[in-house]
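Subject: Structure handover

Hello,

Here is the structure I said I would pass on. Please look it over before reading my notes under it.

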Amino acid sequence: MPSSASPDVPEPATVPGVPTGPAAPAPAAKGTSDMRRVATASFIGTAIEFYDYYIYGTAAALVLNDAFFPELSETAGTLATLSTFAIGFAARPLGAAVFGHYGDRVGRKAVLVVSLLMMGLSTGLIGLLPGYDTLGVAAPVLLVVLRLIQGLGLGGEWGGAALLAVEHAPRGKRGLYAAAPQMGSPVGYFAATVTFLLMSSVLSDDAFDGWGWRIPFVLVAVGLVIRLRIAETPAFAKVTEQRETAKAPLLEAFRVHPKEMLLGAGMITVVYVMFYTAATYCMTYTTDDLGIPKNDMLMLTLVAVVVLGVSTYAVARWSDRVGRRRLIIGGAAFGVVWGAVLFPLLDTENYFLIAVALSGALLCMGIIYGPAGAYMPELFGTRMRYSGAGFSYNLGGVLGGAAAPLIVTALAESYSATVGGWFMSGMALLSLACVLALPETRDRDLDAV
């Protein structure tokens, strides 16, 4: 006899330590003003942190080559600059482990304030760091140190910001509230791009390359003040009251959820591949190899960022109705196709098609990134949720954000940019395989420990 259940509602999946099903009580409703404050704190801090990170990526594509590696050839300098970009990603899993440990032991709020402060200060110091002409080899060494600190701070940021929203949200609206920290990414990137566009528009090329690029490396106080005003999440407060915090949450996450840790990292990899290839290498490729003016590329990038923002919010909200997994599967499948067409579209040098190329890459990101804000925390129990979700997310960043721009650059130099696009398709296929092996999580009870 056919089931009377709606085909759009997936059966709740079960994993150790995470009870599910309709019997679990829904969280108590919060006041509108309280939820607005939580969403704002989650969004603002993430927007500022990602703004800080993206201005480095934009500067790496446009000017850091000459400022810190002038003795190298253009290709070697580009690889060296992208390597400093990759170093920040390498530090992120360590940051996720450290901040996740204290986030699961002490609370979400306190570690978010520390991560924001660490991120903002290191970013500001990058803007003040003298270049190779002044400090010699010490300049790139100090740049690497600051990038490591920046990566540690951001490694602790996303997991806490996502949990801040998800653990406060009503059960049927976790995708919607998780869209708040996810929207920090496109808004931060938009702000970074606009800032660089303004600087490069009002300054001469010499002034921009000499000192103008340093101006965007600011902003931390606003996000810090907002985060100091929010309360601890209800799910963590319950664990604390019951004295059930984990002694070693990251180890417990690997013991209880090894599949979710590794497959979650693989699933999120395509997000990093699409974004950081489009945001860093494609900027370098179009301005240096194709000769497209810098300001024109920044304007075309803004179009793609709008697509990213709209798709991130819309798909995150949609995931509350149809589930997270099926949408992420669709985004990964789209990435398999788009990686192969990205560089042929760029090579036309037609501005409309370039905008389409970049928008397609960031649309792929938004389709996955939107629901991932709720999906990854829902994979883990409260005792190790900060550590598990944060570490898995940032491990995917090492594969996708650190390695992808370097590999695409090397493939483009050795073969062609189109071959680099095939690599992107391969990484999207990897992410597709990983999400196919993961369960749906929409109906899980987050109060479980």
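The notes below go through salt bridges, cysteines, helices, loops and the surface.

Please keep in mind that this is a predicted model.

Salt bridges

A search of the whole structure gives five salt bridges. One of them pairs Arg-174 with Glu-378, with 2.8 Å between the closest N and O atoms. This pair links distant parts of the chain, since Arg-174 belongs to helix H7 (residues 174-202) and Glu-378 to helix H15, 204 residues apart. Arg-174 counts as buried because its relative accessibility is 2%. Glu-378 is also buried, at 0% relative accessibility.

Asp-320 and Arg-324 are joined by another salt bridge, at 2.9 Å from N to O. Asp-320 has a relative accessible area of 15% and is therefore buried, and Arg-324, at 0%, is buried as well.

Arg-442 and Asp-443 form a salt bridge too, their closest N and O atoms lying 3.8 Å apart. As for shared partners, salt bridges connect Arg-174, Asp-320, Arg-324 and Glu-378 into one network.

Cysteines

The disulfide count is zero. Cys-282 is buried, its relative accessible area being 0%. Cys-364 is likewise buried, at 0% relative accessibility.

Helix H16

Helix H16 covers residues 385-414, which makes 30 residues. From its first C-alpha to its last it reaches 42 Å, close to the 44 Å expected at 1.5 Å a residue. H16 has a kink of about 45° at Ala-403, shortly before the proline Pro-405.

Loops and surface

Which residue has a positive phi although it is not a glycine? It is Glu-349, with a phi of about 60°. Glu-349 sits in the loop between helix H14 (325-346) and helix H15 (351-378). Its relative accessibility is 42%, so Glu-349 counts as partly exposed.

On the surface, a nonpolar patch is formed by Leu-94, Val-98, Tyr-102 and Val-106, which together have about 380 Å² of accessible area. Val-106 is placed in the loop between helix H3 (74-105) and helix H4 (108-128).

Regards

How values were computed
Residues numbered from 1 in each chain as written. Predicted model: local features only at pLDDT ≥ 70, side-chain atom pairs only at ≥ 80, totals over all residues. Heavy atoms only, no water. Patch = residues over 30% accessible without salt bridge, like charges linked within 9 Å, V, L, I, M, F, W, Y side chains within 5 Å. Areas by Shrake-Rupley, 256 points an atom, 1.4 Å probe, with all protein chains shown as cover. Salt bridge = Lys/Arg side-chain N within 4 Å of Asp/Glu carboxyl O. Helix = DSSP H or I, 4+ residues; strand = E, 2+ residues; numbered from the N terminus. Buried < 20%, exposed > 50% of the residue type's maximum accessible area, 1.4 Å probe, protein only. Expected span 1.5 Å × (residues − 1). Bend = angle between axes of the 7 residues up to and from the residue. Disulfide = S-S within 2.5 Å.
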